[in-house]
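Trainee: I have a new model open and I want to learn to read it. Where do we begin?
Mentor: Let us look at it together, one feature at a time.

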Amino acid sequence: MAYPSGRSMSWRSLVCMDLDGDLSMKNNTEVAPRMVFADQRGRIFDHPSLGMVCRSGWTFRQPEPEELIPLPTECEFFLLPGRRALGWDADRGKVTAVEQTAVAAFVSPGFTLNAVCAYETDTGAPTLPLFAYAAVGFARGRFWVCATQVDTDPRQRFDNVAPQRIQAGARQWLKSFPKNRLVRHLADCALVSSCPAARNLALGRYEAPLPTSQTCNARCVGCLSLQPPDSGFPSTQNRIRFRPAVREIVEIMGRHVQRESRPIFSFGQGCEGEPLTEADLIARSVQAYRASGGMGTVNLNTNASLPETIPDLAKAGLTSIRVSLNSPRDEVYARYHRPHGFGFETVRETIRAAKRSGLFVSLNYLFFPGISDRPEDVAALMELVNVEHIDFIQLRNMNLDPELYLQLYADTRESEAKSGIGLRRMIRGLRHHAPQLRFGYFNPYLG
Ligand code: SF4
C-alpha cells in the first residue's frame, strides 16, 4: 500500500505533511507497525505482510510497544542509499531483507532514539552523513518511530515561524553591528546553514550561541565542525575562522538580554572547536558582561579537557558547564572522542573543579541504543552521577552512521552485553538511584 490514503508520495512531500502526533509517553500496547521501504523513485510504502524491525547495538528485533511513539512534528525521512530494508516475517519467525531501499526518520530535537533503523548494507554503500537514523514503521494510518520525548521545551521548533522573520532578524543584527565579525558569522549560520541556535538568536529568543574556538584537543569521529577529507562524509557546519574580540562577544550578549527575558548564552557550538582552548577570552568576555550588569545563564558546552581553566571562568560569572561524552568508561570514551593529551579521568577532574566552583553541571550523554545503555555503561554512568553529583543529563542522539559507530566497538561484541537495557529503563534506573538528577535535551535556564 502507498501513503497516505492510497496515494503514493515522495519523501520530500511527506516531510511537509502535518504529522503532529500524540507526544505523550503512553504505552502503545496494541500498535504493531509494518515495515516501510522506498522504491527507486523515492516513494515510501508500507509492506503488506512484514512487520517493523529496529536495531539496538548488534541486535535486530521487533520494537517493544513502549518504545514506539507517533512520528513527531518537524521530523524528516531519509532514504538510505545502498541499504535494503529489513522486516519481521511472522510466519517464519525471523528477520527478512527485501530488495527495496531502507527508510529512516530524523526525529526533532527533544526526542531521543530507543532504537535505530534496521537494514542490510550492500558492498560499496556510501557512509551515511552525520545524523541519527530512527527506526520507523506504519500502523493505523500514521508513522511510528522508536523514540522517547525527553524534553518538551519548544526551543528548536520553527514550524510556526515564517522564514522571513528569521531573515529580517539576521539583517537587523547586521545593520546594528556592522563591524562585528561574530554577528556576520552567526547571520551566515542562520541564513545559510539553518543552524537552530543562530536562527533563535536572529529571532531574539532562548539560547544565544557564542562560538569562539578554532582549534580542538580531540578528534571525535562524529565532529560536526571538522572532518578529514578521507572520512567519507562532510562536517555539517563550518568551523569559525577567526578569534572574536571581547567587544564582539559582549555586544551580542548585551543585545540578546534586551530581547529575551530568560536568556541563556552558550559557548561551545557545533561551528567551533573546544571552547576551553579559549578559556581566557571567554572569562574576560563573561566578566565584562557581568560587570555591565548582564543577567541570565552563561553556559559552556565542552569536552571538559582543561580542569585548570574552570575556577577563573566561574569567578568571571559562568553559571554552568555541559560535558559531552559517549560513555563514562575510558576505553569506550577514547575510541570515539580520540582525545589528545587527556583521558576520561581529566574529564572527571574538570567536573569536580566545576562543582567545587559552584557551577551547575550537565552531561551531554550522546546516546546510541545498544551501546550507551549496555549494563556496563549504565553502571558507570550511575557511579559518575552519584560520586560527582551531576545535576542534569541531556540525552542527545549520537549523530553518526550506525555501522561506523558500531565498528568502533566490534571487538567488544562477544565480551560485553549483547544489547542495551533500553533508554527508558536506563532513565528509570538513574532516577531511582539519583532522585535529584534531572533529564532533558536542552541547557536549562538557571537564572
Ligand atoms: S570536542 Fe567538539 S570540536 Fe572537538 S573534535 Fe569533538 S566534537 Fe569536534
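Mentor: Start with A304, which is buried, with 27 other C-beta atoms within 10 Å. The rule is a count: buried means 20 or more other C-beta atoms within 10 Å of the residue's own, exposed means 12 or fewer, and partly exposed is in between, with C-beta atoms placed from the backbone. Before we go on, note that this is a predicted model, where local features need pLDDT of at least 70, side-chain atom pairs count only at pLDDT 80 or more, and totals for chains, interfaces and linings use all residues. Residues are numbered from 1 along each chain as its sequence is written.

Trainee: Where is the place of A304?
Mentor: A304 sits in the loop between β15 (297-302) and α7 (310-316). Those labels come from DSSP runs, numbered from the N terminus: helices are H or I with at least four residues, strands are E with at least two. A304 also has a positive phi of about 60°, although it is not a glycine.

Trainee: Which loop holds S194?
Mentor: S194 lies in the loop between α3 and α4. Its phi is positive too, about 55°, and S194 is not a glycine. Is S194 buried or exposed? It is exposed, with 12 other C-beta atoms within 10 Å.

Trainee: What about helix α4 itself?
Mentor: The buried ones include P196, R199 and L201. Their cover includes α2, α3, β13 (207-210) and α5 (246-259). Just after α4, G204 takes a positive phi of about 70°.

Trainee: How do I describe two helices that pack?
Mentor: Axes are lines fitted to C-alpha atoms, for helices over the stretch in contact, and angles run from 0 to 180 degrees between N-to-C directions. Here α2 (residues 163-176) and α3 (residues 181-191) pack at about 170°, with axes 9 Å apart. That makes α2 roughly antiparallel to α3. The cut-offs are under 35 degrees for roughly parallel, over 145 for roughly antiparallel, 65 to 115 for roughly perpendicular, and oblique for the rest.

Trainee: Which residues of α2 and α3 make the contact?
Mentor: From α2 come I166, Q167, A170, W173 and L174; from α3 come V183, R184, A187, A190 and L191. Contact means that the C-beta atoms of two residues, placed from the backbone, lie within 7 Å. By class, this contact has eight nonpolar, one polar and one charged residues. Ala, Val, Leu, Ile, Met, Phe, Trp, Tyr, Cys and Pro count as nonpolar, Asp, Glu, Lys and Arg as charged, and the others, Gly among them, as polar.

Trainee: How is the chain divided into domains?
Mentor: Domain bounds come from an automatic or database domain assignment. It gives domain 1 (11-149) and domain 2 (163-440). Their C-alpha centres lie 28 Å apart. The contact takes 22 residues from domain 1 and 28 residues from domain 2. On the side of domain 1 that touches domain 2, β3 (54-56) and β8 (111-113) each supply at least two residues. That side divides into 12 nonpolar, eight polar and two charged residues.

Trainee: Which residues surround the ligand?
Mentor: They are C216, A218, R219, C220, C223, S225, G273, E274 and N303. A residue counts here if its C-beta atom, placed from the backbone, lies within 6 Å of the molecule. The shell has four nonpolar, three polar and two charged residues.

Trainee: Q214 is in which loop?
Mentor: Q214 is in the loop between β13 and α5. It is partly exposed, with 17 other C-beta atoms within 10 Å. Beyond its neighbours within four places in sequence, Q214 is in contact with R239, I240, R241, R243 and G273.

Trainee: And a residue inside a helix?
Mentor: Take L430, in α12 (residues 423-433). With 20 C-beta neighbours inside 10 Å, L430 counts as buried. Leaving aside neighbours within four places in sequence, it is in contact with L381, M382, V385 and L437. L430 and A379 are 51 residues apart in sequence and 9.2 Å apart in space, C-alpha to C-alpha.
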